[in-house]
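Let's take a tour of a protein model together. Have a look at the sequence and the fold, then read on.

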Amino acid sequence: MQTLSKAFRPGIFLKTNPSKAGYGEIPGTYEIETPEGVCLAKKTTWNYSDYCISEERVRDLCMRELTLVQGIGPRRAFELRRKGCMFLTDLGDTCWKDSASEIADVIENDTPKDICRIFHEAHRGNDPLLLGFSHALPKEDLLYFDIETLGMFHSPIILFGCGFWKENELTVVQYLLRDIKDEPAALYMTNQIFREHSHVVTFNGKGFDVPYLNNRLSYYGERTLSPNLHFDLLYPTRRLYGRDIPDCCLGTVEKYILQRPRTDDLPGYLVPIYYQDYLRTQNVSKLIPIIEHNELDVANLALLLRTECEAIYG
């Protein structure tokens, strides 16, 4: 990787002289060595009951989506259903038979990624229906991901939060920068975890977390990451609950949909301020609320994904 001095153009002066002592004050943290240096890590586990959806059921519901065919909108689909056309395969005697047959073949025989492509081509790439694949495919393939930054373009990622399943336990692993120069080590560890999991779950990760991660990898000359499937929960959340809650920020969704309001949680917009205070003072207590905030972000992604799947599939 490139040297950090060339990889970071700060908006404020962030040069520090970090001490390696004092990190025992952050419960559960430990140093982890990588080929790119050392960073701080923390591992926690969350217990959830098992939940799964059959892939056949997901494909069956997709097969009912007549509006995937160009020229069939919601009103026309309603009229077709009134005439008994419930599945794409029922359109064989209509002017849409060829297109419907091609789409039906993909849904029936191709991969979930191919099915997502069909939805994307119909401008429905973020359809909540596709979330079913997250619980139909092996859950060990899922990676829940959230980052914390300094709130400045091209600034380092100061904390990487990664969650993955081991049986019914969600393991949340976090990689924290004790100093800006620790970013290559944290990136290395995050990169390894991404390569061990096929699919990623985020909240606004298509617009922020994953592109930001790839931006940092690119700067250091590393290959960017492209998950097989990306379940960004922001868009399905808007579709499912947008009319019923004040906004679709994750904290609001946790309060009204998950019934898990946060207490004494550090608001996301204060993360850069707390981290900058830590860099100036070396007071490690400033890092604790950042770590706790990120851990909840990752852990609640798993709960939100399940809640939305249950809302759709029961």
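## Buried residues

Of this protein's 314 residues, 51% are buried, meaning under 20% relative accessible area with a 1.4 Å probe, counting protein chains only. You're looking at a predicted model, where local features need pLDDT of at least 70, side-chain atom pairs count only at pLDDT 80 or more, and totals for chains, interfaces and linings use all residues. Residues are numbered from 1 along each chain as its sequence is written, and side-chain values use heavy atoms, leaving out hydrogens and water.

## The sheet

The protein has 12 helices and seven strands; these are DSSP runs numbered from the N terminus, with at least four residues for helices (H or I) and at least two for strands (E). An open sheet of seven strands goes β1-β2-β5-β4-β3-β6-β7, with mixed pairing (two strands pair if DSSP finds at least two bridges between them). At the edges sit β1 (29-34) and β7 (229-232), each pairing on one side only.

Now pick out β4 (residues 157-166) and β5 (residues 169-176): they run antiparallel, joined by eight bridges. Lys-166 has Glu-169 in β5 as its bridge partner.

## Two helices meeting

Next, find α11 (residues 271-281) and α12 (residues 288-313), whose axes come within 9 Å and cross at roughly 145°. Axes here are lines fitted to C-alpha atoms, for helices over the stretch in contact, and angles run from 0 to 180 degrees between N-to-C directions. Val-271, Tyr-274 and Tyr-275 of α11 make the contact with Pro-289, Ile-290 and His-293 of α12, where contact means heavy atoms within 4.5 Å.

Notes:
Buried < 20%, exposed > 50% of the residue type's maximum accessible area, 1.4 Å probe, protein only.
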